[in-house]
Amino acid sequence: AENILTGAAVKASSAFCSGGQKVGYIGYAGNTLTFTRVTVPEDGTYKLLLYYCSGENRRITLKVNGETEYLLSGLHSGDYVHTAMAEVILELKEGVNTIEFSNPSYYAPDVDRIAISEEKVN
């Protein structure tokens, strides 16, 4: 409920996604999804797991705290219903962080959820 959708990004029903929902139409023309309360106990490197749906190879850009960008590509779950998981290692600051998902050139995969490791990655 605290996440922010911009542009045409929208929640959609999906029986195989957590909570029965996912966010689609991320990317292309400035549509974004921002997780606003990603909280970690200390500055450092953490693993983010992205659960997504996509019927074709797509990519997604993650922007942490409005600054550092990370790119995940080749995201394909087989269809737009079933989820797959990708991981990325990223730098987070102690306390609350924001992570914005976008794709400046095409649509990103639909996003089900994210999970952050509880401990830092060495």
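Trainee: Where is Tyr25 placed?

Mentor: Tyr25 sits in the loop between strand 3 (21-24) and strand 4 (32-40). Strands here are DSSP runs of E with at least two residues, numbered from the N terminus. Before we go on: residues are numbered from 1 along each chain as its sequence is written, and this is a predicted model, where local features need pLDDT of at least 70 and side-chain atom pairs count only at pLDDT 80 or more, while totals for chains, interfaces and linings use all residues. Side-chain values use heavy atoms, with hydrogens and water left out.

Trainee: What is the phi of Tyr25 near?

Mentor: Near 60°, a positive value in a residue other than glycine. Most residues other than glycine have a negative phi. Ala29, in the loop between strand 3 and strand 4, also has a positive phi, about 70°, and is not a glycine.

Trainee: Why is Ala29 called exposed?

Mentor: Buried means under 20% relative accessible area, exposed over 50%, and partly exposed in between (1.4 Å probe, protein chains only). Ala29 has 68%, so it counts as exposed.

Trainee: And what makes Asn103 buried?

Mentor: Its relative accessibility is 3%, so Asn103 falls under the 20% limit. Asn103 lies in the loop between strand 9 (95-102) and strand 10. Its side chain reaches the backbone oxygen of Arg59 at 2.9 Å.

Trainee: What makes strand 5 largely enclosed by the rest of the structure?

Mentor: In strand 5 (residues 44-53), 8 of the 10 residues are buried, so the strand is largely enclosed.

Trainee: How do you know that strand 5 pairs with strand 8 and strand 10?

Mentor: Two strands pair if DSSP finds at least two bridges between them. Strand 5 and strand 8 (residues 84-92) have 9, so they pair, running antiparallel. Strand 5 and strand 10 (residues 110-116) have 6, so they pair too, also antiparallel. Tyr52 stands opposite Ala84 in strand 8, and Leu49 has Ala115 in strand 10 as its bridge partner.

Trainee: What is the strand order in the open sheet?

Mentor: The 5 strands go 1-4-9-6-7, with antiparallel pairing.

Trainee: Why are strand 1 and strand 7 at the edges?

Mentor: Strand 1 (4-6) and strand 7 (68-75) each have a single partner strand, so one side of each is left without a neighbour in the sheet.

Trainee: Why is the Lys22 and Asp110 pair called a salt bridge?

Mentor: A salt bridge needs a side-chain nitrogen of Lys or Arg within 4 Å of a carboxyl oxygen of Asp or Glu. Here the N to O distance is 3.0 Å, so the pair qualifies. Lys22 is in strand 3 and Asp110 in strand 10, 88 residues apart. Lys22 is buried at 9% relative accessibility, and Asp110 is buried at 9% as well.

Trainee: How many salt bridges are found in the whole structure?

Mentor: The search finds 7. Among them is Lys47 with Glu87, at 3.9 Å, N to O, so this pair also comes within the 4 Å limit. Lys47 lies in strand 5 and Glu87 in strand 8, so the pair ties together parts 40 residues apart in sequence.

Trainee: What makes Lys47 and Glu87 partly exposed?

Mentor: Lys47 has 30% relative accessibility, so it lies between the 20% and 50% limits. Glu87 has 43%, so the label is partly exposed there too.

Key
Helices (H or I, at least four residues) and strands (E, at least two) are DSSP runs, numbered from the N terminus. A polar contact is a pair of N or O atoms within 3.5 Å; within protein, one must be able to donate a hydrogen and the other to accept it, and residues adjacent in sequence count only if both atoms are side-chain atoms.
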